[in-house]
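These are my notebook entries on a structure that I looked up.

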Amino acid sequence: MQHPSIPATTAPSQERAPVVETSNGKVRGTVQQGAYVFKGLRYADSTAGLNRFMPPVAPKKWAGIQDAVTWGASAPQLLTALTTDPFFSWYAEIQDVNEDCLFLNLFSSGLGDSKRPVMVWIHGGGWRECAGTAPGFNGAALAQRQDVVVITINHRLNAFGFLQLDGSDDRFADSGNAGMLDIVMALKWVRENVAAFGGDTDNVTLFGESGGASKIAALLAMPAAKGLFHKAILQSSGGGLRLASQEDAARMAGNLASAMGHSVLKGEELQKLPMEALLTGLKSNPGMFRSVIDGRNFDADPFYPTGPALSAHVPIMVGTTHTETTYHLRFGPDFSQLQFPDVKRRLSRFFMTDDLRTQAIIEAYRAAYPDHEPCEILTMVTTDFMFKRTASRIACLQSVSATAPVYAYVFDRETPVEGGRFHSPHTSEIPFIFGTTAVAEAHVGSGSDIQPMTELMMASWASFARHGDPNNATLPLWKPFKDNDRQTMVL
């Protein structure tokens with residue numbers, strides 16, 4: 001029986017090679033899982049050579065038909081153990097890295113015959129790693145079951161996308177935000193082309209997690225992105241309130257210069273280096289390159305001290321998982337054996353504060369969670385500080401200043417893997433939204449709750465994309481967030 005929250009759709013025909021004409025030329029896709037799938041659609045030219053650190057350049061038009069059946073390259077980045085560990089790889093697996101990386105992937109339940117909501121996914125990985133092609137981000141199931149168009153994108157990362165170069169050369173004035181300009185270029189491609197793939201140009205929703213959500217927060221305050229999207233979902237943003245200052249950006253550039261044996265980083269010189277030389281420099285460079293307040297693309301932080309007036313009309317959904325940092329604390333071999341003195345030492349380092357203040361924090365959390373073990377107290381403190389605090393602040397500021405509604409949530413489905421010790425870790429909501437729990441089984445586990453949880457998450461995200469309101473038949477009434485009562489849906 002058709003679930004009442006999921007629109008009835010007509011499955012694509014078994015035509016194996018659908019062809020669509022874009023603004024750059026014709027492309028040929030495939031049919032997978034009942035959806036039309038187009039992989040590796042180019043939205044901008046290569047960023048190598050003289051295009052390195054520069055704003056993206058429109059691609060050249062082509063004659064004939066190009067196949068869109070394989071993923072495009074991932075943005076240059078350092079490889080990590082996350083790409084092969086099954087707990088993470090569904091999220092962190094990438095393709096071969098290359099500076100020719102500005103591609104997007106499109107999944108649709110129909111071509112050119114309807115105005116479907118468009119959902120554009122911006123992947124996480126901080127501002128430095130991962131890609132839109134990870135197995136857990138395959139949009140075919142979400143597109144087919146919810147009758148939407150799903151798009152995932154790649155964009156420049158780390159120093160390739162967010163290195164503020166020496167200000168004496170105006171040609172590189174946008175280098176600190178090149179990765180954000182990539183996303184803007186991708187959204188312009190969506191505006192120009194998505195109707196041919198069955199999407200509604202006037203109903204585009206951004207959704208992203210972790211670093212992807214932080215980039216969406218920045219886009220809400222970026223004049224160049226105004227009008228290119230109409231709704232936004234921010235999932236587990238740890239750094240969405242503020243961007244890098246000029247001082248932050250200069251310090252990061254100086255650290256990289258030292259790592260590479262330079263006194264100062266000159267754009268023209270760096271453009272001549274092989275990609276591998278920059279990646280080698282990044283290996284010994286602490287910190288994270290991120291979007292910068294440059295006086296050109298950004299004049300201020302997106303959510304500090306107020307919400308962005310630029311996006312007061314944009315409905316927003318914002319939330320976290322309940323125990324975000326169990327994802328990160330998994331790396332500690334003694335995680336489950338921690339005692340409260342261990343927790344105090346860790347938190348004193350984390351907060352850079354004295355033992356007395358740290359102990360007061362621990363005692364407050366022990367009073368709130370009297371049955372929690374020491375490791376669980378550590379999880380709650382760090383999750384609140386790194387993630388829930390940001391989500392709550394964004395919701396509060398937006399609800400006070402915006403004319404559009406704000407919806408808040410906490411994802412509290414607990415994974416049974418490894419005895420349930422991870423509870424509801426960072427990223428754990430994503431496979432339910434995309435319908436990719438099978439490839440993420442090492443993270444989310446299996447069981448009778450997988451299907452109903454998938455239906456709930458898919459329907460809620462798609463309903464918000466469709467109407468600007470996540471309410472649907474799988475949920476009780478989800479009220480908008482207001483600063484005076486802070487209504488939050490526990491999923």
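For the entries below I took contact to mean heavy atoms within 4.5 Å. The model is a predicted one.

Entry on Ser-89. I began with Ser-89, which I located in helix H1, residues 86-92. I found Ser-89 to be buried, because its relative accessible area is 15% and the cut-off for buried is under 20%. Setting aside residues up to four places away in sequence, I listed Leu-82, Thr-83, Thr-84 and Pro-135 as the residues that Ser-89 touches.

Entry on the cores. I next looked up the largest nonpolar core, which has 84 residues. Ile-151, Leu-163, Leu-219, Phe-229 and Leu-234 have the most contacts inside this core. I noted that helix H4, residues 178-193, gives the most to it, with 9 residues. I also recorded a second, separate core of 48 residues, with Trp-90, Ala-134, Leu-142 and Leu-491 among its members.

Leaving aside neighbours within four places in sequence, I found Leu-163 in contact with Phe-53, Asn-158, Ser-175, Gly-176, Ala-253, Leu-256, Leu-265, Leu-270 and Phe-289.

Entry on H4. I checked the length of H4: at 1.5 Å a residue its 16 residues should span 22 Å, and the end C-alpha atoms are 22 Å apart, so the two agree. I also noted that 13 of the 16 residues of H4 are buried, and H4 is therefore largely enclosed by the rest of the structure.

Entry on H10 and its partners. What angle do H10 and H12 make where they pack? I read about 20 degrees between helix H10 (residues 340-351) and helix H12 (residues 374-401), with the axes 9 Å apart. H10 is therefore roughly parallel to H12, since angles under 35 degrees count as such. Their crossing is right-handed. From H10, the contact includes Phe-340, Val-343 and Arg-346; from H12, it includes Pro-374, Ile-377 and Leu-378.

I then turned to H10 and helix H11 (residues 355-368), which pack at about 120 degrees with their axes 9 Å apart. That angle makes H10 oblique to H11. H10 passes H11 in a right-handed crossing. Among the contact residues I noted Lys-344 and Ser-348 of H10, and Asp-355, Thr-358 and Arg-366 of H11.

I compared the two contact lists for H10. Phe-340, Val-343, Leu-347 and Phe-351 of H10 take part in the contact with H12, and Phe-340, Val-343, Leu-347 and Phe-351 also take part in the contact with H11.

How values were computed: Residues are numbered from 1 along each chain as its sequence is written. This is a predicted model: local features need pLDDT of at least 70, side-chain atom pairs count only at pLDDT 80 or more; totals for chains, interfaces and linings use all residues. Side-chain values use heavy atoms; hydrogens and water are left out. A nonpolar core is a set of buried Ala, Val, Leu, Ile, Met, Phe, Trp, Tyr and Cys residues joined through side-chain atoms within 4.5 Å. Buried means under 20% relative accessible area, exposed over 50%, partly exposed in between (1.4 Å probe, protein chains only). Helices (H or I, at least four residues) and strands (E, at least two) are DSSP runs, numbered from the N terminus. The expected span of a helix is 1.5 Å times one less than its number of residues. Axes are lines fitted to C-alpha atoms, for helices over the stretch in contact, and angles run from 0 to 180 degrees between N-to-C directions. Angles under 35 degrees count as roughly parallel, over 145 as roughly antiparallel, 65 to 115 as roughly perpendicular and the rest as oblique. A crossing is left-handed if the near helix is turned anticlockwise from the far one by less than a right angle, and right-handed if clockwise.
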